Each structure stands twice: as structure tokens, then as C-alpha cells.
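Work through the exercises below with the sequence and the 3D view at hand. Try each task before you read its solution.

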Amino acid sequence: MSRAVKRLRGAVLPIVALLALSGDMAAQNPPAAAPAGQRGRGGGGGRGRAIQVMTLSSSGFNDGATIPIKFAQPGAEVSPPLAWSGVPDSNVVSFALVVHDLDAAGNTGDDLLHWLVWNIPSAARTLPEGVPQGPQLPDGMRQISASGPYYRGPAAPANGPTHHYVFELYALDATIDVPPVGAAPAATRAAVLAAMAGHVRGKAVLVGTFKRKS
């Protein structure tokens with residue numbers, strides 16, 4: 001793994017600490033009830049507990065390596081296969097996956113959201129290649145990206161720097177009661193992350209890079 005990717009991973013992982021901290025602060029200063037559709041539903045046991053480091057990998061590319069064209073916009077643009085391990089032994093109710101391009105800014109000033117998947121079943125340890133499109137899948141998973149309810153592949157231009165695409169997986173002790181439709185992707189992303197606060201039990205990060213050849 002390159003030094004640049006190691007630095008990148010070090011910058012990404014504290015996001016989980018911020019989520020945990022916000023949950024601890026909420027426990028000390030309970031806010032008014034969150035609006036319907038923006039609550040995490042579950043045991044709430046994530047507050048004040050250590051966050052376990054998990055492992056996230058893909059058979060499609062190695063951590064820190066180039067994402068193949070098959071999974072990018074110039075290619076078939078199918079989602080890559082993912083697998084994870086090291087899940088906490090208890091109180092995991094669901095998983096959430098956030099895929100974003102740290103080197104590209106979205107219209108709202110955030111980095112560009114390429115995929116947000118939440119309410120992944122607790123028994124899951126993989127996501128297959130080519131997850132179907134649609135805001136909600138039969139197993140209860142919900143998904144969005146900056147451009148719609150589906151995985152959005154990398155597309156960094158050839159005339160610029162290589163972009164880093166970060167896949168962040170969270171093990172949660174709750175399901176996330178945020179609808180996948182009815183709001184702008186940026187607002188949905190913010191609502192999901194807010195609902196995750198205090199419910200994170202484990203985390204994993206996978207980094208891939210991409211740049212168009214022409």
C-alpha cells in the first residue's frame with residue numbers, strides 16, 4: 001500500500017470516531033425526538049462502546065490499487081464484489097456502506113457520493129458484483145448515489161490527477177429509518193449519517209484509485 005493511501009486511510013477512519021462522539025454527546029444532552037424517517041431503530045447500544053476494526057476487501061481490486069474499468073463509468077459500471085470479516089460478535093443489526101470520491105466536490109460542497117447503501121442485513125458478509133438498481137431491494141437494502149438509486153462508477157478525467165475512491169463499511173446496532181426517495185441525495189446522505197451516530201459497532205475501509213486513460 002502506498003504512503004498516500006495510508007495517509008488517506010488515516011484521514012478517513014476518524015469519521016467513525018466523530019459518529020461515535022456525536023452519539024455520546026447526545027446521550028449526555030438528549031435532543032428532541034428526531035423527525036420520523038430519520039431515526040436509527042435498534043438497541044442503541046453503540047453509545048460509549050469501543051468500535052471494532054473490521055476488514056473490507058474486493059476480489060475485483062486490491063486495497064490501494066486501481067479500480068478496473070469494468071466497475072467504472074467508461075466500462076460496464078457494475079458495482080464491485082465486496083466481502084468483510086471481523087464483525088463484532090453481538091448486537092449487529094445492519095450494515096451501511098458509503099462510497100465517495102475524496103478528490104471530487106459535489107454540488108453541495110461535500111465530496112462526491114458514488115454509493116450509499118444502508119440496512120444491509122446483519123447476516124450478510126458480502127455484496128455481489130452488480131447489485132441491481134432501485135431505491136429498495138427485496139432484502140430491505142436501500143441505496144442512492146449522487147445521480148440516482150444505484151452504484152455510480154468512478155470517472156476521474158484523464159487530464160487531471162488520479163482520484164481516490166473510499167469504501168467505508170459500518171456495522172450498526174440499529175436499522176436506519178431513512179427513506180431512499182423523497183429528498184435530494186445530499187440530504188439523504190446527511191440523514192443516514194445522522195441516524196448512524198451512536199450506533200456504530202464496527203468499521204472497515206477499502207480504497208481504490210481511478211483515472212480515465214483518455
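**Exercise 1.** Classify Glu129 as buried, partly exposed or exposed.

*Solution.* This is a predicted model. Buried means under 20% relative accessible area, and exposed means over 50%. Glu129 has 37% relative accessibility, so Glu129 counts as partly exposed. Take its partner next: the side chains of Glu129 and Lys70 meet in a salt bridge, 2.7 Å from N to O. This pair links distant parts of the chain, 59 residues apart. Glu129 sits in the loop between strands S7 and S8, and Lys70 in the loop between S3 and S4. Lys70, at 39%, is also partly exposed.

**Exercise 2.** Find which residue meets Asp111 in a salt bridge, and say which parts the pair ties together.

*Solution.* The partner is Arg189, at 2.8 Å from N to O. Asp111 lies in strand S6 and Arg189 in helix H3, so the bridge joins parts 78 residues apart in sequence. Now check burial. Asp111 has 19% relative accessibility and counts as buried. Arg189 has 12% and counts as buried too. The count of salt bridges comes to two.

Notes
Residues are numbered from 1 along each chain as its sequence is written. This is a predicted model: local features need pLDDT of at least 70, side-chain atom pairs count only at pLDDT 80 or more; totals for chains, interfaces and linings use all residues. Side-chain values use heavy atoms; hydrogens and water are left out. A salt bridge is a side-chain nitrogen of Lys or Arg within 4 Å of a carboxyl oxygen of Asp or Glu. Helices (H or I, at least four residues) and strands (E, at least two) are DSSP runs, numbered from the N terminus. Buried means under 20% relative accessible area, exposed over 50%, partly exposed in between (1.4 Å probe, protein chains only).
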